[in-house]
Amino acid sequence: MKTSGLALWLYCVSAPLLADTRITIDTAHPGPVINRHIYGQFMEHLGRGIYEGIWVGKDSTIPNIDGFRTDVVNALKDLHVPVLRWPGGCFADEYHWMDGIGPPAQRKKTVNTTWGGVIDDNAFGTHEFMAFAELIGADVYINGNLGTGTPAEMAQWLEYMTSDSQSTLANLRRQNGRDQPWKIQYFALGNESWGCGGSMTPAYYTDLYKHFGSFLKTPADNKPELIASGGHTNLTEWTDYLIQHVGKDVRLNGIGHHYYTLPSGSWDTNKGPALGFDETAWFNTLKQTRRIEGFIQSNVAILDKYDPAKKTGFYVDEWGTWYDTEQGDNPGFLYQQNSLRDAIVAALNFNIFHQYADRVRMANIAQMVNVLQAMILTDKQKMLLTPTYHAFSLYVPFQDAMRLPVTTDNMPTYDNGKDTMPKLSVTAARGKNGKLYLALVNVDPRRGETVVIAGGSGFKRANGRLLTADAMDAHNTFEHPDAVAPEGFQALGSGGKITLDVPAKAVLVLELE
Ligand code: AHR
């Protein structure tokens, strides 16, 4: 029953039927840890992602904290963003960090040749990025320029950011307003080096990785994980080559894989609209997104063969939906609306990342504000939170939680013609606070599903949050920013089991007692 005024879904106990889907959580065998960094975000110099979406400048009429939009900062703080990737993307391989430091009026004006051909006045540079990360409490992931930069430029950037010495570069950082070195958690050498980052072969890139990587020296207590540009979609040869040939002299802490979800599944045709799609497009999008599991499996199999100790992570440092660009906007800005379908996509990916948590230890959705599958959309003074934001919010208890094995019986299917997929996706974990969490995703847009939840010493009740809506493409607008928002959800157990209905097209995250 849904109590409309209270926005609370309350389920009473009904006797489990044999045909119900049974979910059993094995509370006795926890692990591995779900690294909070899989809930990372990506922010590139692209469209209105940074300029307008995050940075408006100190003199803006839009309320801001030292130039960063107050509304966006507050929303991201609430989301507990664990790590931020910057400055690209393809942009990273044309970014020269010296352009973005020093007095803003004296910074170079450069052309963003990758994204829209617009002028970047470099008002947002290293100091602004680091200040923003500190403001929202996120760790940082910097993507270095291996495409058009030099080993010296890359090494000097790291020295500028991390050195506590009296070197000229460390003192330049102090002169520019930052006394203490910054802590860098991750540093990548190039981006999509198979494509926009230089159209390289794995062998050529691996040599460059070793060449550049040899000179990335930082203080012993501030050693970022070094990340190589990996493959994309179903491409495994980069993982295969890198893990066998980087060798021991340069760290290889992670390989960055990219996977985008296109409803059509093809870059050569129209990708499909963000809104106003039919059920076949809904089905195909969810099917496409689930394909990432097979691609993770094939890369992980290679890594397991050559790195059984799991020293090198498999990082999905770009993922998300990519639709046809909104009509009338600069096609290079990659602005798209975001609907309930995107929230389902996000939750399916989280559940898959949890499944491979011992290798997938970091991921970044593309991108945080106003670009592709965004958490936040802005229009000058206005801001809205997307359904994807709410999916991330529902999953906050899974950050650094211990994954728990789950078995399902009588799993129903969701069918579209002859095509089929499991109707539910399920994950469970023991949170850092010791509580038990279960997330359920129902991909069927028409039918709910009754589930019986059991495990451990039994459950008395479930409290949580539900994200659903009437339409597949339900979304938030600046006029109706709360059309899609989470609601409270409660269910009571009987005999140690909880029986409840997961509504159609829904993400449900429960705390079980
Ligand atoms: O996220 C947009 C772009 O997608 C990134 O710049 C690039 O790495 C990828 O192709």
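Colleague: What percentage of the 513 residues in the chain is buried?

Modeller: This is a predicted model, where local features need pLDDT of at least 70, side-chain atom pairs count only at pLDDT 80 or more, and totals for chains, interfaces and linings use all residues. Residues are numbered from 1 along each chain as its sequence is written, and side-chain values use heavy atoms, with hydrogens and water left out. Buried means under 20% relative accessible area, exposed over 50%, and partly exposed in between, with a 1.4 Å probe and protein chains only. By that rule the buried share of the chain is 58%.

Colleague: Is S393 buried or exposed?

Modeller: S393 sits in helix α10, which covers residues 387–394; a helix here is a DSSP run of H or I with at least four residues, a strand a run of E with at least two, numbered from the N terminus. The relative accessible area of S393 is 14%, so S393 is buried.

Colleague: Which residues is S393 in contact with, leaving aside its neighbours within four places in sequence?

Modeller: Contact means heavy atoms within 4.5 Å. With those neighbours set aside, the partners of S393 are L79 and R465.

Colleague: What radius of gyration does the chain have?

Modeller: The radius is taken over C-alpha atoms, and the globule rule is 2.2 Å times the number of residues to the power 0.38. For 513 residues a compact globule would come near 24 Å, and the chain agrees with this, at 23 Å.

Colleague: How many helices and strands does the chain have?

Modeller: The C-alpha trace spans about 75 × 55 × 45 Å along its principal axes. The secondary structure of the chain comes to ten helices and 28 strands.
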